[in-house]
Amino acid sequence: VPRDSLWRAQTPQAFHYEAILAAHEAAIGAALTDDAAVAAAAGLEVRLVEGSAENIKVTTSGDLQLAERWYAARQAATAAETRVGQGFDVHRFGPGDHVTLCGVVIPHNQSLLGHSDADVALHAATDALLGALAAGDIGSHFPPSDPQWAGADSAVFISHAADLLRAAGGRLCHLDLTVICEAPKVAPHREAMRARLAELLAVETTRISVKATTTERLGFTGRREGIAAQASATISLPRQSET
């Protein structure tokens, strides 16, 4: 049989409901093989839309096995990869009456000094996210030489990193943050810090860990000259091409 006018039909076939219903009602008792034949018998125009050979109708166990092989191959090609980034930041103390950690204002007899709001915790968390994305560091996105970032809310920085993660099709699996200082005490503010970080990153608080430790009065943090923070971020990204 000449094949230049033959087509292999696939499910689904699509029709306007009222028209195909009327066609079926008119075809009661007729020997027709599918909806396209019913439509053609009723005088409806049937148009062809080219499809994919993988768009099979699963009827037999062999069909199911074929579909599973195609699905497994596609998942392997597009599977997510896991990445981990780390960030570290330090700010020294100066005159003031509070510090800001993870966007939470904590009363203290000194303040942290910096070009922005000196939120050392958010800065470390931002660098951890950027590191996982291989997207540079906070200074490359928000140069301290740029006056527009003077006194800026560090929420802008971590929100930018979160936007980059979403734009890459990724998601945050976990963020682990450690604040290193003798004072102020972080424990009373830990849950508020977790909640604010989760809000800025648009994730559940169960994905955010905030811890605090001291250096046993050793080093600059032990002398209460400043605060350090380190963070690690675990993200999931669509698998990158090896080429």
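This is a predicted model: local features need pLDDT of at least 70, side-chain atom pairs count only at pLDDT 80 or more; totals for chains, interfaces and linings use all residues.
**Figure 1. Helices H4 and H6 pack against each other.** Helix H4 covers residues 120–132, and helix H6 covers residues 155–167. The angle between the two helices is about 15°, and their axes are 9 Å apart. Angles under 35 degrees count as roughly parallel, and H4 and H6 are therefore roughly parallel to each other. The crossing of H4 past H6 is left-handed. On the H4 side, the residues that meet H6 are Leu122, His123, Ala125, Thr126, Leu129 and Leu130. Their partners in H6 are Ala155, Phe157, Ile158, Ala161, Ala162, Leu164 and Leu165. Sorted by class, this contact holds 11 nonpolar and 2 polar residues, with no charged ones.

**Figure 2. The second largest pocket is lined by 14 residues.** Nearest its centre lie Ser116, His123, Ile138, Phe142 and Pro144. Two or more lining residues come from each of strand E1 (80–94), H4 and helix H5 (138–141). Which element gives the most to this lining? It is E1, with 3 residues. The lining of the second largest pocket has 7 nonpolar, 5 polar and 2 charged residues. His123 links this view to the previous one: the residue is among those of H4 that meet H6, and it is also one of those nearest the centre of this pocket.

**Figure 3. The largest pocket holds about 790 Å³ of space.** Its lining is made up of 26 residues, and the closest to the centre are Pro12, Gln13, Arg47, Leu48 and Val49. Helix H1 (17–26) supplies at least two residues of the lining, and so does helix H2 (35–41). By class, the lining of the largest pocket divides into 14 nonpolar, 7 polar and 5 charged residues.

**Figure 4. Cysteine 173 sits in strand E5.** This strand runs over residues 171–180. Which residues are in contact with cysteine 173, leaving aside its neighbours within four places in sequence? They are Arg207, Thr234, Ile235 and Ser236. Alanine 80 is 93 residues away from cysteine 173 in sequence. In space, the two are 12 Å apart, taken from C-alpha to C-alpha.

Methods. Residues are numbered from 1 along each chain as its sequence is written. Side-chain values use heavy atoms; hydrogens and water are left out. Axes are lines fitted to C-alpha atoms, for helices over the stretch in contact, and angles run from 0 to 180 degrees between N-to-C directions. Helices (H or I, at least four residues) and strands (E, at least two) are DSSP runs, numbered from the N terminus. Angles under 35 degrees count as roughly parallel, over 145 as roughly antiparallel, 65 to 115 as roughly perpendicular and the rest as oblique. A crossing is left-handed if the near helix is turned anticlockwise from the far one by less than a right angle, and right-handed if clockwise. Contact means heavy atoms within 4.5 Å. Ala, Val, Leu, Ile, Met, Phe, Trp, Tyr, Cys and Pro count as nonpolar, Asp, Glu, Lys and Arg as charged, and the others, Gly among them, as polar. On a 1 Å grid over the protein atoms alone, a cavity is a set of points where a 1.4 Å probe fits but cannot get out, and a pocket is an open set with protein on both sides within 12 Å along at least five of seven lines; lining residues have an atom within 4 Å of a point. Grid points are joined across faces, edges and corners, and a volume is the space filled by probe spheres set on the points.
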